[in-house]
Amino acid sequence: MSARNNAGVPSEGLRRRRFLTTAALGGATIVGASALGGLDADAAFAAEPSLDPAIAKSSFVEGRIVGITGSVLEVAGSTGGHSRVRMTNVTSVWKVRPTTAEVIEVGDGLYARGVPMPDGTVAADAVWVNIVNLDTRIRGIARNRVHLAHGQHEVVGNILADTGASYAGRGLTSDLSRLRIGQSAQVLGAWRPSDDSVDVVRISVGH
């Protein structure tokens with residue numbers, strides 16, 4: 001984290017962290033995203049996020065959103081159980097790309113990381129909506145779609161204007177022309193509940 005952009009002007013990261021570390025809800029402090037493991041799409045799958053030593057405990061919630069009451073998301077866990085995720089004005093939201101809480105809908109899938117509150121909710125620092133990370137094999141390639149096999153399931157991947165590809169561990173490129181039928185592919189994207197397809201954010205092959 002850079003200390004400052006200009007003399008006397010805190011950087012965006014510093015402003016965010018300062019705000020997060022001073023925001024309070026129900027008497028407990030909401031900590032910063034960087035302290036809870038980061039906000040980008042890959043951070044959703046971090047098994048052991050690197051926590052700030054100042055944080056005694058964090059919580060991870062996953063499941064399907066079954067209700068929205070004000071700023072609280074009611075979440076049914078995939079293995080049973082029920083959680084309540086509280087959105088705050090500093091919660092980071094990812095749904096295909098960084099966005100706002102207004103795009104969250106009942107029926108969406110959710111991963112969330114946050115801090116347990118005294119009222120039993122989890123104050124979310126970061127929420128990833130419908131995010132998927134799939135091991136697949138490319139079965140077909142069309143102009144705006146890629147057809148994938150994920151285990152025994154066929155998955156349609158929607159190619160977006162900003163879909164990126166990574167070849168053999170190299171950096172992201174917008175050039176998808178080197179994708180080939182039969183390749184194994186790791187697909188990071190967002191599930192569309194309406195038609196069970198996936199919006200492809202990144203497709204990695206040869207890794």
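This is a predicted model: local features need pLDDT of at least 70, side-chain atom pairs count only at pLDDT 80 or more; totals for chains, interfaces and linings use all residues.
Leaving aside residues up to four places away in sequence, isoleucine 203 touches Ile138, Gly164, Ala165, Ser166, Leu179, Ala185, Gln186 and Val187.

**The barrel**

What do the strands β12, β13, β14, β16 and β15 close into, in that order? They make a barrel of 5 strands, and the pairing in it is mixed. On average, neighbouring strands of this sheet are turned by 55° against each other, with direction ignored. One pair can be followed in detail. Strand β15 (residues 184-192) and strand β16 (residues 197-205) run antiparallel and are joined by 8 bridges. Glutamine 186, which is among the residues that isoleucine 203 touches, has serine 204 in β16 as its bridge partner.

In the loop between β15 and β16 you will find aspartate 196. Its phi is near 65°, a positive value in a residue other than glycine. Most residues other than glycine have a negative phi. Aspartate 196 counts as exposed because its relative accessibility is 54%, and the cut-off for exposed is over 50%.

**Strand β11 and its partners**

Now look at strand β11 (residues 122-129), which is mostly covered: 8 of its 8 residues are buried. Which strands pair with β11, and in which sense? The table sets out three of its pairings.

| Strand paired with β11 | Sense | Bridges |
|---|---|---|
| β7 (residues 82-86) | parallel | 2 bridges |
| β8 (residues 92-95) | parallel | 3 bridges |
| β10 (residues 109-116) | antiparallel | 7 bridges |

Single residues let you trace these pairings on the structure. Valine 85 has valine 122 in β11 as its bridge partner. Tryptophan 94 stands opposite tryptophan 128 in β11, and tryptophan 128 is also the bridge partner of tyrosine 111.

β10 and β11 form a hairpin with 5 residues between them, and in the turn glycine 120 has a positive phi of about 90°.

**Threonine 121, in the loop**

Threonine 121 is placed in the loop between β10 and β11. Is threonine 121 buried or exposed? It is buried, because its relative accessible area is 1% and the cut-off for buried is under 20%. Not counting residues up to four places away in sequence, threonine 121 touches Arg84, Arg86, Val115 and Pro116. The side chain of threonine 121 makes a polar contact of 2.7 Å with the side chain of aspartate 119. Another polar contact, of 3.5 Å, joins the side chains of threonine 121 and arginine 86. Valine 85 is 36 residues away from threonine 121 along the chain, yet their C-alpha atoms are separated by 5.5 Å.

Asparagine 130 is found in the loop between β11 and β12. Asparagine 130 counts as buried, because its relative accessibility is 3%.

Serine 59 is in strand β5 (residues 59-69). Why does serine 59 count as buried? It does so because its relative accessibility is 17%, and the limit for buried is under 20%. Serine 59 touches Ala112, Arg113, Gly114, Pro116 and Val122, not counting residues up to four places away in sequence.

**The whole protein**

Stepping back, the protein has 1 helix and 16 strands. Of its 207 residues, 43% count as buried. Among contacts between residues at least 6 apart in sequence, 52% join residues at least 24 apart. The accessible surface comes to about 11,000 Å², and 51% of that belongs to carbon and sulfur atoms.

Key:
Residues are numbered from 1 along each chain as its sequence is written. Side-chain values use heavy atoms; hydrogens and water are left out. Two strands pair if DSSP finds at least two bridges between them. Helices (H or I, at least four residues) and strands (E, at least two) are DSSP runs, numbered from the N terminus. Axes are lines fitted to C-alpha atoms, for helices over the stretch in contact, and angles run from 0 to 180 degrees between N-to-C directions. Buried means under 20% relative accessible area, exposed over 50%, partly exposed in between (1.4 Å probe, protein chains only). Contact means heavy atoms within 4.5 Å. Accessible areas come from the Shrake-Rupley method with a 1.4 Å probe; for residues, only the protein chains shown count as cover. A polar contact is a pair of N or O atoms within 3.5 Å; within protein, one must be able to donate a hydrogen and the other to accept it, and residues adjacent in sequence count only if both atoms are side-chain atoms.
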